[in-house]
Amino acid sequence: MPDLRITLAQVAIVGENKAENLRRFDEMIKPLSGMTDLVVFPELFTTGFGMNIHALAESNDGFTMSAVKKWSKEYGFAVAGSFIAGENGTCFNRGFFITPEGAAFFYDKRHLFTPGGEKNSFSAGNKRLIVRYNDWNIRLLICYDLRFPVWSRNVNNEYDLLIYPANWPAARQDVWDVLSVARALENQCFVCGVNRVGEDGMNLHYAGHSFLIDAKGRILSNIPENTAYLETISLNKEELDDFRRQFPVWKDADDFCIR
């Protein structure tokens, strides 16, 4: 089974400027053609959070997704992240996973950050997403979802890699670090968290601290804080499967139902 080469794109976001962000990110990832299988961007990677959510919302075939689909096809790798989606006057923090073959998968963030007023601008999703890509099963969640282990739960090893695009402020970085390792350990999977750097429209600071963690809780990445930085890491599925066979704690997990 082939390794999965995954690139963590820890970037600074120009607030509410889709065209400039897409231009800059295109220049960053173009050299990755043939060098990676999947590029993961932060949450709301072309806008960041701000005050003009409804004005920035677009469809699944709009400006942002058209650019991402073009990248994926031309450069030969999948691209994941999230953007501001709009449908019939309702906005969603929508995760996306686009493949080079043109397949498009979407997930609407379930847990909206009440203390930051996210519920005032977005509606919550209620559907899970697991993408089959290059013989890997990949679960896509978004930022604040990290705090909720039941929604993240890996039942019967249904996924191998858990991805969290994020805008996670530096003030709560310790929480980001601890919960990310916990999600990897309890779900016996790789966990990828890609966070932004810089300041947003609400004067919050982001230090990045993006990571790739294996099923034993070990950090595989080496990304500097407060720096726009791309790192590519190869993940081995056979090693993960061997660990799950040798230490099958997943078989003892509790049954539950999410309503």
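Where is Gln 188 found? Gln 188 sits in the loop between α5 (173-187) and β9 (190-195). The model is predicted. Its secondary structure comes to six helices and 13 strands. The radius of gyration is 17 Å, close to the 18 Å that the globule rule gives for 259 residues, so the protein is as compact as a globular protein of that length.

**Overall build**
- The C-alpha trace spans about 50 × 40 × 35 Å along its principal axes.
- Of the 259 residues, 53% are buried.
- Take contacts between residues at least 6 apart in sequence: 67% of them join residues at least 24 apart.

**Surface and charge**
- The protein exposes about 11400 Å², and carbon and sulfur atoms supply 50% of that area.
- There are 28 positive and 33 negative side chains.
- The centres of these two sets lie 4 Å apart.

**Nonpolar cores**
- In soluble globular proteins, nonpolar side chains tend to be buried together.
- The largest nonpolar core here has 44 residues.
- Ile 6, Leu 38, Ile 138, Leu 161 and Cys 192 touch the most other members of this core.
- Strand β8 (residues 161-166) gives the most to the core, with five residues.
- Another core, of 22 residues, lies apart from the largest one; among its members are Leu 22, Leu 32, Phe 41 and Val 79.

**Contacts of Cys 192**
- Neighbours within four places in sequence are left aside here.
- Cys 192 is then in contact with Leu 161, Leu 162, Ile 163 and Tyr 164, among others.
- Its partners also include Ile 6, Leu 8 and Val 40.
- Phe 211 and Leu 212 are in contact with Cys 192 as well.

- Most residues other than glycine have a negative phi.
- Gln 188 has a positive phi of about 45° although it is not a glycine.
- At 2% relative accessibility, under the 20% cut-off, Gln 188 counts as buried.
- Asn 157, also not a glycine, has a positive phi of about 55°.
- Asn 157 is in the loop between α4 (149-152) and β8.
- Its relative accessibility is 15%, so Asn 157 counts as buried.

**Glu 87**
- Glu 87 is found in strand β3 (residues 78-87).
- Is Glu 87 buried or partly exposed? Its relative accessibility is 38%, so Glu 87 counts as partly exposed.
- Not counting residues up to four places away in sequence, Glu 87 touches Phe 92 and Arg 94.
- Glu 87 and Gly 208 are 121 residues apart along the chain, and 30 Å separates their C-alpha atoms.

How values were computed:
Residues numbered from 1 in each chain as written. Predicted model: local features only at pLDDT ≥ 70, side-chain atom pairs only at ≥ 80, totals over all residues. Heavy atoms only, no water. Helix = DSSP H or I, 4+ residues; strand = E, 2+ residues; numbered from the N terminus. Rg over C-alpha atoms; globule rule 2.2 N^0.38 Å. Buried < 20%, exposed > 50% of the residue type's maximum accessible area, 1.4 Å probe, protein only. Contact = heavy atoms within 4.5 Å. Areas by Shrake-Rupley, 256 points an atom, 1.4 Å probe, with all protein chains shown as cover. Lys, Arg positive; Asp, Glu negative; His and termini not counted. Charge placed at Lys NZ, Arg CZ, Asp CG, Glu CD. Core = buried A, V, L, I, M, F, W, Y, C linked by side-chain atoms within 4.5 Å.
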